[in-house]
Amino acid sequence: MTITIPQRDRTNRTANRTSLPVLIAAWAVPVLVLGQFALIAGIPVAVVVIGTLREPRLRALRWWAGALTAVYAVPLALWVFGPTSAPSLSKFMSPAATALFVATGVAVAIAHHVLRRRSGAPAHEQAV
């Protein structure tokens, strides 16, 4: 008596999955901004931008990543090059700018989830 274990089809598995590091970085942006670490949020912003530019399957997220980059770059440039005495980027940003930054980060993360759902991957492979 032999026991056979069904093998998963791994050939098409990666073609339907979106990038997990990009998803984690997209959710890290609003968390870091709300936690008053806006300058460090540049690292996950860079991961999102680089990931969407390198992965052809993330082409739909490029506009979202561009918006997130713009929302990050404008306050950063104003803080660095402007005449301000704020000790950090988080202290420099107004509550409205912080809310816009967080909303854009959440929108990118949700757009990534929607793209992941539409990719057609089975639910058990999306969770992995």
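**Exercise 1.** How are α3 and α4 oriented to each other: roughly parallel or roughly antiparallel?

*Solution.* The model is predicted, with local features requiring pLDDT of at least 70, side-chain atom pairs pLDDT 80 or more, and totals for chains, interfaces and linings using all residues. Residues are numbered from 1 along each chain as its sequence is written, and side-chain values use heavy atoms, without hydrogens and water.

Step one: two packed helices are described by the angle between their axes and the distance between the axes. Step two: helix α3 spans residues 42-54 and helix α4 residues 62-81, and the two pack at about 155 degrees with their axes 9 Å apart. Step three: angles over 145 degrees count as roughly antiparallel and those under 35 as roughly parallel, and α3 and α4 are therefore roughly antiparallel to each other.

**Exercise 2.** Identify the residues that make the contact of α3 with α4, and classify them.

*Solution.* Taking contact as heavy atoms within 4.5 Å, α3 contributes G42, V45, V48, V49, T52 and L53, while α4 contributes R62, A65, L68, T69 and Y72. These residues divide into 7 nonpolar, 3 polar and 1 charged, with Gly counted among the polar residues and Tyr among the nonpolar ones.

Definitions and conventions:
Axes fitted to C-alpha atoms, helices over the stretch in contact; angles between N-to-C directions. Helix = DSSP H or I, 4+ residues; strand = E, 2+ residues; numbered from the N terminus. Parallel < 35°, antiparallel > 145°, perpendicular 65-115°, else oblique.
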